[in-house]
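Keep the 3D view open as you read.

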Amino acid sequence: MSVLFSVLTLGCLLLVNQVASEDKAVSYSGYQVWTITTSSEEENQIVLNLRQVYGLDVWQWQESTNAATDVLVPPNISSELKFKLNEANISYVVKIADLQSAINDENPNASSSSLGTKAAHNMDWTSYHRLDDIYGYLNYLAVTYPNLVELINVGTSYENRSLYLVRISNATAPDTQPAVWIDGGFHAREWISPALATYIIQQIVEEPANAKLLNNIDWYIMPVVNPDGYEYSHVRRRLWRKTRSMTTSARCIGVDPNRNFDFKWGGAGSSSNPCSEVFKGSKAFSEVETVAYSQYIMSKSKQIKLYLTLHSCGQKLLIPWGYDREYPSNFNDMMELGQCAASKFKLYKYGVGNKVDLLYRAAGNAADWAKSIGIEYVYTVELPTTSFIVPAYNILPITRDFFPAIDVFATKIATLTV
Ligand code: 0X9
Ligand code: ZN
């Protein structure tokens, strides 16, 4: 009876969400984030089962231990979930009491920088910016520093937005130096990721003190891999994660771009259900965004020696493989460089280690694919904090804390040959 009730509740929830999303911004009023702590394998299984029954959106989870699981709890299942957890003697604490309040406080100065100013661009790192501001900034840099910055359009998104990256290089001949690839904005709701990617661009291009980072390295930085999702998370649904492509299900849209890559595609930690947040897509590279992205990286695969894909949240530097508990042959090298980079973080503590050990299996993820095509140093970064909603006043503390790690990576990569 209660299972039937749960399934019905879940069905209604999905339907209501979908309809609401079409006209105006979805309110998360009454939504909470709970940290559930288990202390035995049996309790783990109960929580896993509850996650499935209620289709819970999981914010933090570690597969290998009994560590805490953060889940988003919609108001209409709150009392039932509370009852189920109490019944099983599983403890939980409310981490975010009202998500909409947290969202309201997150980005108070949104687009204020563009109001009435005649500045050459609207970018800053005291608020989160829409795609136009980000692309406007990339364009500004390419126009202002033509000998250093090239704006490259690698394709078009499902909803017809350009897919831009910048190449930053002072080399006179193309493709002769080792290169670093950095991307952000795979997952739409992880706003701190494009913020850091653009901050890194700004620091390398516009901060004279960082000129040494241009010695013997080409930089390829793509701040918003999933622009459709990013825009959707700004105007309609703050917690949107996936792309915005049509699926076989009329009411569930989008593919998890980080399960859509053609390496171990469809394995553990991905789903064939279009309504899932980790939907793998109808086939590997079903998404125009992952195709454009992977083709470009392929074309530079000999040069790219370091690959950083910026996500949030959780403060981790993750090393492949992620499809299963397996370790690439240069795992120890990646670990050593990762630890050295992470030792630079002063404000936020990051864990460094294998993806499955520190997180969970996620077959078809982009970093595994990057490793599979031969890139030497590959990391997935889960940025601070332990929530997707990071108040804008924390952008600068987080990005400034991170930047010294870029120096560590660059020092290593500059010594490699193409
Ligand atoms: O699940 C993901 O795609 C990444 N986490 S996130 O919260 N940003 O969505 C983690 C991918 C890292 N890879 C593995 N865990 N295998
Ligand atoms: Zn992510």
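Let's begin with Lys264, which sits in the loop between α7 and α8. Its phi is positive, at about 55°, although Lys264 is not a glycine. With a relative accessible area of 42%, Lys264 is partly exposed. For all such labels, buried means under 20% relative accessible area, exposed means over 50%, and partly exposed lies in between (1.4 Å probe, protein chains only). Helices (H or I, at least four residues) and strands (E, at least two) are DSSP runs, numbered from the N terminus.

A word on the ground rules. This is a predicted model, in which local features need pLDDT of at least 70 and side-chain atom pairs count only at pLDDT 80 or more, while totals for chains, interfaces and linings use all residues. Residues are numbered from 1 along each chain as its sequence is written, chains are lettered from A and ligands numbered from 1 in the order in which they are written, and side-chain values use heavy atoms, with hydrogens and water left out.

Leaving aside neighbours within four places in sequence, Thr243 is in contact (heavy atoms within 4.5 Å) with Asn226, Ile253, Gly254, Val255, Pro257, Glu287 and Glu289.

Helix α7 itself spans residues 227-235 and is mostly covered, with eight of its nine residues buried. Among them are Pro227, Tyr230, Tyr232 and His234.

**The loop between α6 and β8**

Asn216 is found in the loop between α6 and β8. Its phi is near 65°, a positive value in a residue other than glycine, and Asn216 is partly exposed at 33% relative accessible area. Asn210 is also in the loop between α6 and β8 (218-222), but it counts as buried, at 10% relative accessibility. Beyond its neighbours within four places in sequence, Asn210 is in contact with Gln203 and Phe403.

**The chain as a whole**

Stepping back, the protein chain holds twelve helices and twelve strands. Its radius of gyration is 21 Å, close to the 22 Å that the globule rule gives for 418 residues, so the chain is as compact as a globular protein of that length. That radius is taken over C-alpha atoms, and the rule is 2.2 Å times the number of residues to the power 0.38. The C-alpha trace spans about 70 × 55 × 40 Å along its principal axes.

Of the 418 residues, 58% are buried. Among contacts between residues at least 6 apart in sequence, 76% join residues at least 24 apart. The chain exposes about 17,000 Å², and carbon and sulfur atoms supply 52% of it; these areas come from the Shrake-Rupley method with a 1.4 Å probe, and for residues only the protein chains shown count as cover.

Glu190 lies in the loop between β7 (179-183) and α6 (192-206) and His311 in strand β9 (residues 304-312), so the pair ties together parts that are 121 residues apart in sequence. Glu190 is buried, at 2% relative accessible area, and His311 is buried with a value of 2% too.

| Cis peptide bond | Omega |
|---|---|
| Ser312 to Cys313 | about 10° |
| Pro384 to Thr385 | near 5° |

Cys313 is found in the loop between β9 and β10 (316-319). Thr385 lies in the loop between β12 (377-383) and α12 (395-413).

**A last stop at Tyr54**

Tyr54 has its place in helix α2 (residues 41-54) and counts as buried, at 3% relative accessibility. Tyr54 and Asn86 are 32 residues apart in sequence and 16 Å apart in space, C-alpha to C-alpha.
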